[in-house]
Amino acid sequence: MLEYLANLFGGLGIGDSLAGALARVSVFVLAIGLSLIAIVVAKRLIRRGLAPLVARSKTTWDDAILQRGVLTRLYHLAPAIVFYLLAPVALEGYPAMVSIVASAVQLYAIVVVVLVIDSLLDAGMDVYETFEIADQIPIKGFVQVAKLILYFLGGLVFLSVVLDKTPLILLSGLGAFAAVLMIIFRDAILGFVAGIQLTANRMVARGDWIE
């Protein structure tokens, strides 16, 4: 595409260097434009296509997904994918710039994916609370722990992209740090384990008198 546009501008009597620059700018502007079109199309598909179907359905889980904004966060991946595919074409011949743009898009995608999973956890908890067993076995604590693990893993992958290192290398360096955290937050960890035991053994339920 880049070569075709450069030849096209060159055929208009423009110099080779200027034609190449205009071709790169054109492809870059095209990538930005298609990314914006992608997010608009994805948004309209969700709002005008999926949202009415969800409203008419009799199930509750899809309503929870829509209310928690899972789909509205998910469509932000569309422009990231388009820009990730087209930007390297405009930056052909500049591997450093291609690497920077690819890393930026990957970081954006990581944030979006983490937020989507966070919303899915909230939606799952909303669906679970519609069942009678939710009064006996609440899962809010488990969901909070799952979110903590989610954001920890997301931050780890985020740092691995920024530092251009594999997550395994970063994990290997967190061993001593994790041991220190376990000592500092010992009471909190013990309280969490006790909460799991109370919930698993159904020792406490909503509405019980506690003295």
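Q: Helices (H or I, at least four residues) and strands (E, at least two) are DSSP runs, numbered from the N terminus; in which helix is Lys147 found?
A: This is a predicted model, in which local features need pLDDT of at least 70 and side-chain atom pairs count only at pLDDT 80 or more, while totals for chains, interfaces and linings use all residues. Residues are numbered from 1 along each chain as its sequence is written, and side-chain values use heavy atoms, with hydrogens and water left out. With those conventions, Lys147 is found in helix 7.

Q: How many helices does the secondary structure of the chain come to?
A: Followed along the sequence, the chain has the pattern α-α-α-α-α-α-α-α-α-α. The secondary structure has zero strands, and its helices come to ten.

Q: What percentage of the accessible surface of the chain belongs to carbon and sulfur atoms?
A: Accessible areas come from the Shrake-Rupley method with a 1.4 Å probe, and for residues only the protein chains shown count as cover. Buried means under 20% relative accessible area, exposed over 50%, and partly exposed in between (1.4 Å probe, protein chains only); of the 211 residues of the chain, 26% count as buried. The accessible surface of the chain comes to about 14300 Å², and the part that belongs to carbon and sulfur atoms is 70%.

Q: Why does helix 6 run in the orientation it has to helix 7, and what is that orientation called?
A: Axes are lines fitted to C-alpha atoms, for helices over the stretch in contact, and angles run from 0 to 180 degrees between N-to-C directions. Helix 6 (residues 95-128) and helix 7 (residues 140-163) pack at an angle of about 175°, with their axes 10 Å apart. Angles under 35 degrees count as roughly parallel, over 145 as roughly antiparallel, 65 to 115 as roughly perpendicular and the rest as oblique. The angle therefore makes helix 6, relative to helix 7, roughly antiparallel.

Q: How many charged residues are in the contact of helix 6 with helix 7?
A: Contact means heavy atoms within 4.5 Å, and the residues that meet here include Asp118 and Asp122 in helix 6, and Lys140 and Lys147 in helix 7. Ala, Val, Leu, Ile, Met, Phe, Trp, Tyr, Cys and Pro count as nonpolar, Asp, Glu, Lys and Arg as charged, and the others, Gly among them, as polar. The residues of this contact divide into 16 nonpolar and three polar, with the charged ones numbering four.

Q: Are Asp122 and Lys147 buried or exposed?
A: Lys147 and Asp122 lie 9.5 Å apart in space, C-alpha to C-alpha. Leaving aside neighbours within four places in sequence, Lys147 is in contact with Asp118, Leu121 and Asp122. Asp118 and Lys147 are both buried, and Asp122 and Lys147 are likewise both buried.

Q: How many polar residues are in the contact of helix 5 with helix 6?
A: Helix 5 (residues 77-90) and helix 6 pack at an angle of about 170°, with their axes 10 Å apart, and they are therefore roughly antiparallel to each other. The residues that meet include Phe83 and Tyr84 in helix 5, and Gln106 and Tyr108 in helix 6. The contact has 14 nonpolar and no charged residues, and its polar residues number one.
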